[in-house]
Amino acid sequence: MKQQIVRASIAAITLGALSAGSAQAQRFDSLTKAEGVTLGEFERVYIAPVSVDLVDSEAAFNDGQLNFTRSRLEPPSISETDQQNNAEELQEDLSRAFGNRFMLVDAPGEGVLTVDATITELIASRPTPDRLRDNPGLDPLSISAGGAAYFIQLKEEDVSLAEITERDKTSLRDRVPRVRIWQDAERSYGNMARKRSRYVSRN
């Protein structure tokens, strides 16, 4: 169900359809926001548990959602443990970023802005143990330009106020040493969380 929401939201509004005068809009892959809503008026924020719902790469490629080359239509499977660890990492970064600007609460409710984030894509910076097991000839020291993609719903109780999609992928041209498996994804979580909290406070 959530994957269908993700795909519908990705197709809903692109940056080109947003107002050219909106500097904030240029920071998203897509953004929909309810008219007349001022997110910055919320004083309390609830960070919902982060979920992972990885978009099927081949279907997404055919739908024009992902820009994979044909050689990457079958990405390596990602273990439940890795998915859970990444979800917890993003949860911590969202709590930290929003906690610097808002009062965090333990439950959604009236007058509370809920930040409901879903990780829709994960790209490792180095081979995972599962990938090394499935590909015996793979160099364990090989590196990739990693990253992550997200679907974020901002809502009050069950009323959606804004929906954001974003894909943050690095480039090996940055010459950053990649020593951890999920290094680029972890960097992305902190950057995304800070940008989203800033967006909410200013809009």
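A polar contact is a pair of N or O atoms within 3.5 Å; within protein, one atom must be able to donate a hydrogen and the other to accept it. The term is applied here to a predicted model.

Arg178 lies in the loop that links β7 and α5. Because buried means under 20% relative accessible area, Arg178, at 4% relative accessibility, counts as buried. Its side chain makes polar contacts with the side chains of Asp174 and Asp184, as tabulated below.

| Side chain | Partner side chain | Polar contact distance |
|---|---|---|
| Arg178 | Asp174 | 2.9 Å |
| Arg178 | Asp184 | 2.7 Å |

Beyond its neighbours within four places in sequence, Arg178 is in contact with residues including Ser125, Arg126, Ile143, Ser144 and Ala145. Thr170, Ser171 and Leu172 are also among the contacts of Arg178, as are Gln183 and Asp184.

**Helix α5**

Gln183 and Asp184 are among the buried residues of α5. This helix, residues 183-202, has 20 residues and spans 29 Å from its first C-alpha to its last, close to the expected 28 Å. Other buried positions in α5 include Tyr189, Met192, Arg196 and Tyr199. An α-helix has 3.6 residues a turn, so residues three or four places apart point the same way. The buried residues of α5 pack against the helix α3 (80-99) and the strands β1 (30-33), β5 (112-123), β6 (147-156) and β7 (159-169).

**Strand pairing of β2**

Strand β5 also pairs with β2, in the parallel sense and over four bridges. Strand β2 (residues 44-47) runs parallel to β4 (residues 103-104) as well, joined by two bridges. Arg44 has bridge partners in both strands: Met103 in β4 and Val112 in β5.

Definitions and conventions
Residues are numbered from 1 along each chain as its sequence is written. This is a predicted model: local features need pLDDT of at least 70, side-chain atom pairs count only at pLDDT 80 or more; totals for chains, interfaces and linings use all residues. Side-chain values use heavy atoms; hydrogens and water are left out. The expected span of a helix is 1.5 Å times one less than its number of residues. Buried means under 20% relative accessible area, exposed over 50%, partly exposed in between (1.4 Å probe, protein chains only). Contact means heavy atoms within 4.5 Å. Two strands pair if DSSP finds at least two bridges between them.
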